[in-house]
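Colleague: I'd like to learn how to read a model like this one feature by feature. Can we walk through it together?

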Amino acid sequence: MEWTGNMYGFYTDKSVDNVWFSLIEKLSSINYKYEQSSFRDEEFLFCYKNDEMRDYHDNHGYNLDLQGEGCFSVEAKSTQLNGIATLFEFDNASDFEPYDINLQFNQVFYYVLVLPDLIENSKFCHDIHSLFIKILHEKNDNIR
């Protein structure tokens, strides 16, 4: 089967334990279940509404059902971030010429949110993407 799903990557200082805690808490409010697993240095959270949706995903990959919902997942790992980024906007201001900045972090957390469709094409995917960003922006850590 060919790859399905649309990936959205995030670097943050929010730990995997904190993100998982918040996401799992919010999954119950949208009536979703989850399966958690690990492989090597990566953690995975696979999310689905019911067994029928999970089984269909197993055979057909990421997709939206007739109600416009589908399985989604998050992959996470602790990593370093050493690179150069071009700054086009900072604190919602873009009244400057873009310039390169050096990024040197010994530990950050990298997340990949995998959705069944592009956020521009699906309200469900847009809502899950927004929910995930909200979790990353939460000020109070639930677990230390």
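Colleague: How many aromatic pairs does the structure hold?

Modeller: The structure holds 9 aromatic pairs. Rings of Phe, Tyr and Trp (its six-membered ring) pair if their centres lie within 6.5 Å; planes under 30 degrees apart count as stacked, over 60 as edge-to-face and the rest as tilted. Take Y32 and F72: their ring centres are 5.6 Å apart and the planes are at 40 degrees, so this pair is tilted. It links distant parts of the chain, with Y32 in the loop between α1 (16–29) and β2 and F72 in strand β4, 40 residues apart.

Before going on, some ground rules: this is a predicted model, where local features need pLDDT of at least 70 and side-chain atom pairs count only at pLDDT 80 or more, while totals for chains, interfaces and linings use all residues. Residues are numbered from 1 along each chain as its sequence is written, and side-chain values use heavy atoms, with hydrogens and water left out.

Colleague: Are Y32 and F72 buried or exposed?

Modeller: Buried means under 20% relative accessible area, exposed over 50%, and partly exposed in between (1.4 Å probe, protein chains only). Both Y32 and F72 are buried. Y32 also forms a stacked pair with F124, 6.0 Å centre to centre with 25 degrees between the planes. Y32 lies in the loop between α1 and β2 and F124 in helix α3, so this pair ties together parts that are 92 residues apart in sequence. Elsewhere, F10, W20, Y111 and F132 form one aromatic cluster.

Colleague: Now the sheet. What is the order of its strands?

Modeller: Strands of a sheet pair through backbone hydrogen bonds, either parallel or antiparallel. Helices (H or I, at least four residues) and strands (E, at least two) are DSSP runs, numbered from the N terminus, and two strands pair if DSSP finds at least two bridges between them. Here we have an open sheet of 5 strands in the order β1-β5-β4-β3-β2, with antiparallel pairing. β1 (6–12) and β2 (33–39) stand at the edges with a single partner strand each, so one side of each has no neighbour in the sheet. On average, neighbouring strands are turned by 35 degrees against each other, direction ignored.

Colleague: How many bridges join the strands β2 and β3?

Modeller: 7 bridges join β2 to β3, and Q36 stands opposite L45 in β3. Between β3 and β4 (residues 72–87) there are 5 bridges, with C47 opposite F72. β4 and β5 (residues 99–115) pair over 14 bridges, and A76 stands opposite Y111 there.

Colleague: Which strands does helix α3 lie across?

Modeller: Axes are lines fitted to C-alpha atoms, for helices over the stretch in contact, and angles run from 0 to 180 degrees between N-to-C directions. Helix α3 (residues 123–137) lies across β1, β4 and β5, running at about 130 degrees to β5.

Colleague: And H57, where is its place?

Modeller: H57 is in helix α2 (residues 51–60). At 12% relative accessibility, H57 counts as buried. Contact means heavy atoms within 4.5 Å; leaving aside neighbours within four places in sequence, H57 is in contact with F46, Y62, N63 and C71.

Colleague: Over which ring does the charged end of R54 sit?

Modeller: A charge sits over a ring if NZ of Lys or CZ of Arg is within 6 Å of the ring centre and within 35 degrees of the ring normal. The charged end of R54 sits over the ring of Y48, 5.1 Å from its centre.
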